[in-house]
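Hi,

Here is the structure I promised to pass on to you. Have a look at it first, and my notes follow below.

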Amino acid sequence: MNTQTLDTSTMKPQYPWKKSRPTVVIANSLIVVIPMSVYAFFFFFTDLPGALIFIAIFLPIQIAMAVIMTISALGKRRVGDAVLSVLSVTAFSLVLALLGSVLLSVAARGLPAMRFSFLTQNNIYISPTTELTYGGVGHALLGTLTVVAIGTVVAVPLGIASAIYITDMKGRLAGFVRFIVQAMSGVPSIVAGLFILAAFILTDFVGFSALTGGLAYAILMLPTVARTSEEVLKLVPKELRDAATALGSSRARVIMRIVLPTAKAGIITAVILGVARVVGETAPLLLTTSNTNGTNLNPFKDPVATIPVYIFQFLGSGYESSIQRAWGAAFVLMIVVAILFALTRVFSPKGKAR
Amino acid sequence: MTALQIDPTMKGNQVNISIVEDHQRLKLVDSVAHLETQGLYVWFGNRMILADINLAFPENSVTALIGPSGCGKSTFIRVLNRMHEFIPGAALAGKVFYQGKDIYDKDVDPVDIRTQVGMVFQKPNPFPTMSIKDNVLSGLRLAQIPFSNPDEIVESCLKKASLWNETKDRLNASAQSLSGGQQQRLCIARALAVNPKVLLMDEPCSALDPGSTRHIEETIRDISKDMTVVIVTHNMQQALRVSDYTAFFLALDGNPGQIVEAGLTKDVFKNAKDPRTHDYVNGLFG
Amino acid sequence: MVETQEITNKSHPEPIRLGREKSRTPSDKAFSGTIVIAALSSLAILVAILIYLASSSWPVLQKEGFDFITGSTWINSSANPDEQTFQIWPMLYGTFLNSMLALVIAVPVSILLAIFIVFIAPDRLSRTLTVLVDVLAAIPSGIIGLWGFLVFTPVAEGWSKLLNQYFFLIPFFRNDQDQFARSPFIAGWVLAIMITPIITVVAREVLSQTPQELLDAARGLGGSLWGAVKFVALPHARGGIVGGVMLGLGRALGETIAIYFVLNLIFEKVNYFQILNPQGGAIASMIVAKFGEATPDEIRALLGAGLVLFLMTLIVNLIANWIVARSVREKIA
């Protein structure tokens, strides 16, 4: 018997499937280059509008190129793949372009309005001809804060309670409650506003105020908070609950002292998501908080300004300066949304944020 | 025949090999290797799973791959039909020849390989949204192989898979209405419809009842007249019943898997050259 | 000899009943009670919405009868209450038209995007795109409306003019007012932008749950990527995707602000198919438009319109959730 030593350290992992044939590389480049060149030609040397060239010339040529190149390089079998790639890249570019346009417009047109006074002043003495250095969204910012706070105070306990009922108490109606919460998530924001209008304002119970706005917001927040809380509570390991119960804890204690604190980060996420869902909603506020140009510190009486309504108000007025104020307010709102968005990712790195 | 003995005292990248006889591939007199690997090394990430696998599968034969769990047999057969590369982090070195050409060559279309080298998986996976009939034809549709006689194809493949009698009256029923064993036979019929020259089977009977196992083993013996079959199995008796050749894989203590012994089934089982093979086939370790 | 003892019921201790313990302590009872009441609050709210909207608008609904939904007249003179007529058909149809346009644009784009994210894009691009879709979903409708009116409308006007120029033979694209802004076409695009994230997120979730073993089987049989998607992934995801589309539809039906400035509401004439005309309807936008100067009876009518909207979206959402639930159940079965 001869003994040989096979030194396997000289073998290095390789990836033969990643090598591309020159033909395939050329084909892929042509699929991109040729349509773009034709597009460029038509764009610069004719009067045809860009969109038309895109739909009528670029896309068909690209699809044709994809089909031809694929057949010649890889065979007929892969044509489906090629067409799918072209179409899905088009879809994703379209979505990206629109998203980019929205974000860039808000940034570009809203940034110039940013100054300290814009964030702190109200619009009580502002007319369409007032310079932009005067006036701002201070009152609206405060109003939004108040309305959102009221909504949170109402929706969060109810939402968490619903989640507790579904997961920990497994009441007989658990499935039913879940179903109702889901149904509620489809209520349009304007209907929430109409309801509060009909039930509280038209009955003269309360007037247009931050309170009614907060109640309308609460209706919209509740399903989000409840659903996210449910998912989060489900993640708390059963063993934890069992251990606490075995130690003699009453059900209430188990939930309040053990389950909820364990799920704290997730619950916070649920609350933030609820706020994010609702912070830019305009329609319910138009019917409940109405609007004002001054700062109203009383949440229970008299209309209050809010950022979404501010945007609505100034967009509708038509003056150039008003439009700029609207963009400014939009920018502020986007910053708020961005902060909330970042916060959800901070509190739930595992991607619970949706 | 080569028997490779692995010295477990060696550590790290160095593996002691005792060569009992000098032989680098299986050969039965006059038979040409249809499918063979040369110097195959397989990795997941940086971990080497298989080292220096040289195995040749003669045409129209059945080869059983045996060995303890975790020594890389399933990974090995996925290399043979180019499904290994779907796993993130997968890598390999060496050559795999099919009909004389390296299937990992740049010019080769993996999709093409898979129509010629079919696979049946451990857990039956018929397409649940399709009927029995559509399942059988699904391979042809997926591979975009045109056909004009669906009913004949369905009947012939289900017959080959010993499933025709049990399903001929309900070809339009959902595939989910079949039992586990029937579903696996359906998967075999589906794979056969594409008319591959090689069929890879990854422990196809491990989750099935003895009746279905018997049917499937009959099918294997039948189809091996026209195609090369490679079957991974943990069942010694099955290997004895069904295969012409056997290869014994072993991976010791964190070392990559290797072939300890390979040859005619009766030789490997009755006259094992390596004591480890002898121990394994006699159930002394699993 | 073995002595057997008779075991009688008397000597046998009471069996302990296992199962749900009834809470004994008052504090526990109070806790449970509170939770139950809070949980049922959702039901109470939904019922309350129905009741308040219905009862507040009942006088008008009763007077109009079915004409409320099928008629096209709207007269709100408070001077002569008997002459008042409130009918919402143009708005109802317009809502439907806008939503259909939005679906035509959003559904293919969303599904293609979801397929791209799950099956085609490399890992990093996939994750980035998922985040970007979430960002799009987070943009408030008021900002989309602002952008839609000031930035998008001029561009979409250009597209409309092109469509009109080259396809005027098709009745859809005829325009008899030589004005292309604030049309259902543009409203449809804006709604499509709002609902694309909804559909994409659901589709992406469902597609990524395609069982790997089925994809393996498809690839092992010689299928290309498109083959695996077409024969395995899409059929498997069908229920979920339909559910997602219906959720998007529900959102489009109720959207108010995004299209408020982008659509020219004509309350008494229906625009059936000339989507490039600056003439359209949307129930939610109408409510906002008329609210400011509404007479008391008119407010009742608006509440009635809100009731119709509520019922429509409720039904669509219930169907959507049922479809999704059923497709999930089928897979577990």
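How near do the axes of H3(A) and helix H8 (residues 225-254) of chain C come, and at what angle do they cross? They come within 7 Å and cross at roughly 80°. (Axes are lines fitted to C-alpha atoms, for helices over the stretch in contact, and angles run from 0 to 180 degrees between N-to-C directions.) H3(A) and H8(C) are therefore roughly perpendicular to each other, a label used for 65 to 115 degrees.

Before going on, some housekeeping. This is a predicted model, in which local features need pLDDT of at least 70 and side-chain atom pairs count only at pLDDT 80 or more, while totals for chains, interfaces and linings use all residues. Residues are numbered from 1 along each chain as its sequence is written, with chains lettered from A and ligands numbered from 1 in the order in which they are written. Helices (H or I, at least four residues) and strands (E, at least two) are DSSP runs, numbered from the N terminus.

Back to the two helices: A:Gly80, A:Asp81 and A:Leu84 in H3(A) meet C:Leu225, C:Trp226 and C:Gly227 in H8(C). Contact here means C-beta atoms, placed from the backbone, within 7 Å. By class, these residues are 3 nonpolar, 2 polar and 1 charged. (Ala, Val, Leu, Ile, Met, Phe, Trp, Tyr, Cys and Pro count as nonpolar, Asp, Glu, Lys and Arg as charged, and the others, Gly among them, as polar.)

The contact between chains A and C takes 70 residues from each of them. Helix H3 (residues 79-110) gives the most to chain A's side, with 17 residues. That side has 52 nonpolar, 13 polar and 5 charged residues.

Now to chain B, which has 10 helices and 12 strands. An open sheet of 6 strands runs in the order S8-S9-S10-S5-S11-S12, with mixed pairing; two strands pair if DSSP finds at least two bridges between them. S8 (117-120) and S12 (258-264) stand at the edges with a single partner strand each, so one side of each lacks a neighbour in the sheet. The twist averages 15° from one strand to the next.

S5 (residues 62-66) and S10 (residues 228-232) pair in the parallel sense over 4 bridges, and B:Ala64 has B:Ile231 as its bridge partner in S10(B). S11 (residues 245-250) runs antiparallel to S12(B), joined by 6 bridges, with B:Phe248 opposite B:Glu261.

Best wishes

Conventions: Angles under 35 degrees count as roughly parallel, over 145 as roughly antiparallel, 65 to 115 as roughly perpendicular and the rest as oblique.
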